[in-house]
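Work through the following exercises with the structure open beside the text. Each task is followed by a solution in steps.

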Amino acid sequence: MNRKKLFIPGPTHVLDDTLQAMAQYPMGHRSQAYKDLHLKVVAGIQKVLFTEQTILLSTSSATGLMEAAVRNLVHKRAANFTCGAFSERWAEITDLCGLPQDTFQVDWGLANRPEQIQAALETGRYDVVTVVHNETSTGVANPMAEIAAVVSTFPDVLLCVDAVSGMAGLPFYFDEWGVDVVFASVQKAWALPPGFSVMAISDKALARAEQTPTAQKGFYFDLNRLAKSGAKGQTPITPSIPHLYGLESQLERMAAETLETRFQRHREMAQRTRDWGVDRFGLFAERGYESDTVTCFSNRQGIDLSKMIQLADREGFIVSGGYGDLKGKTFRIGHMGEHTLAGLEELLGVLDAILAKMKGAHSK
Ligand SMILES: *Cc1c(COP(=O)(O)O)cnc(C)c1O
């Protein structure tokens, strides 16, 4: 089979074992077997997020949960902190849902700062903060612990975090940090095929959502409805059962590897990727805030990036061009999920050979 290796920041590489675990005959989603599976997966996700609070399973991609967060939780006004394409999407969603919001931007490549958030919240205008943990378009990891510490000093403000490309690759201490909502799709560091997402939600956020008019929440993404079913090991609708099998399999793998080793593996892959590319291309993310799951390179030497990406594809390795406004200006390597340092070396070797060839052709 002609299978190309995915080094893009989602969907990322999926192991054959995982694919096989997902390919099981379906069961009734009201059966005891399903409930057992659901509750087992929930308990596993709680461990990954260091939380004892509620885990929700959603048969949707994470963008559905971005929308769910603001529709369920904004009563007064949302403060959307943006630093790239995905955090900007959250502001757009809030607007499109007709909910009051203000957007606080930093330039792409920079991280959101706790002081920026402190200043916004001191106005007293907001009851929800949205922020991205790991901005996939720029390769920036926001300082989550510091941001959460600021939001925690405003007891009426809920902190909602998009950790789509970070969760299960970067540590996330949901309870300790006092986060109210965090979610991710499963095709990133969870290393499953796309089509499913998971959320942790605080008791405080669930209580807020109870007060939200149902017309604002809708049906499919009513978080209280999801939580009530979830408490019984069910979902309100028919879930993607293959994804639960996949999560079960991945959670077992993570437990065997240990989370500590998994996070360390991500740090090592990221460091190696940065060391490799810093002189060749330059790093797009500001120093000290580089992501450990995806690296975004700038293009200091004016290399023909689309050519390079195309040649890598021909060798069976998929890397990613720039996203949104960065199309053509950057390229990205995703090093998350089940990738290994050895696999990464293989990719970097291929890219080096391509760069040498391109340089040779150029100087002829
Ligand atoms: C991929 C990604 C999304 C969108 O996820 P979907 O699964 O496509 O809905 C949102 N935020 C971040 C940070 C992402 O990396």
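A residue is called buried when its relative accessible area is under 20%, exposed when that area is over 50%, and partly exposed in between. The model used here is predicted.

**Exercise 1. Burial classes**

Task: Decide whether Ser31 is buried, exposed or partly exposed, and say where Ser31 lies.

Solution. Step 1: find the residue. Ser31 sits in the loop between helix 1 and helix 2. Step 2: take its relative accessible area, which is 23%. Step 3: compare with the cut-offs. Buried needs a value under 20% and exposed a value over 50%, so Ser31 with 23% is partly exposed. Gln234 is 203 residues away from Ser31 in sequence, yet their C-alpha atoms are 9.3 Å apart in space.

Solution. Step 1: the relative accessible area of Gly44 is 16%. Step 2: the limit for buried is under 20%, so Gly44 is buried. Step 3: in sequence, Gly44 and Gln250 are separated by 206 residues, while the C-alpha to C-alpha distance is 9.6 Å.

**Exercise 2. Backbone details**

Task: Which residues does the cis peptide bond join, and where is the proline?

Solution. Step 1: the bond links Gly10 and Pro11, with omega at about -5°. Step 2: Pro11 is placed in the loop between strand 1 (5-6) and helix 1 (16-22).

Task: Describe Phe50 and Thr258, starting from the phi angle of each.

Solution. Step 1: Phe50 is not a glycine, but its phi is positive, about 55°. Step 2: Phe50 is found in the loop between helix 2 (32-48) and strand 2 (54-58). Step 3: its relative accessible area is 34%, so Phe50 is partly exposed. Step 4: Thr258 is not a glycine either and has a positive phi of about 75°. Step 5: Thr258 belongs to the loop between helix 11 and helix 12. Step 6: with 36% relative accessibility, Thr258 counts as partly exposed.

**Exercise 3. Two helix pairs**

Two packed helices are described by the angle between their axes and the distance between the axes.

Task: How is helix 11 oriented to helix 12, and which residues make the contact?

Solution. Step 1: helix 11 (residues 241-257) and helix 12 (residues 259-277) have axes 6 Å apart, at an angle of about 90°. Step 2: angles of 65 to 115 degrees count as roughly perpendicular, so helix 11 is roughly perpendicular to helix 12. Step 3: helix 11 contributes Gln250, Met254 and Glu257 to the contact, and helix 12 contributes Leu259, Thr261, Arg262 and Arg265. Step 4: sorted by type, these residues are two nonpolar, two polar and three charged.

Task: Repeat the analysis for helix 8 and helix 10.

Solution. Step 1: the axes of helix 8 (residues 203-210) and helix 10 (residues 223-231) come within 9 Å and cross at roughly 125°. Step 2: helix 8 and helix 10 are therefore oblique to each other. Step 3: Leu206, Ala209 and Glu210 of helix 8 meet Leu223, Asn224, Ala227 and Lys228 of helix 10. Step 4: the contact residues comprise four nonpolar, one polar and two charged.

**Exercise 4. One arginine in helix 12**

Solution. Step 1: Arg265 is part of helix 12.

Conventions
Residues numbered from 1 in each chain as written. Predicted model: local features only at pLDDT ≥ 70, side-chain atom pairs only at ≥ 80, totals over all residues. Heavy atoms only, no water. Axes fitted to C-alpha atoms, helices over the stretch in contact; angles between N-to-C directions. Helix = DSSP H or I, 4+ residues; strand = E, 2+ residues; numbered from the N terminus. Parallel < 35°, antiparallel > 145°, perpendicular 65-115°, else oblique. Contact = heavy atoms within 4.5 Å. Nonpolar A, V, L, I, M, F, W, Y, C, P; charged D, E, K, R; others polar. Buried < 20%, exposed > 50% of the residue type's maximum accessible area, 1.4 Å probe, protein only.
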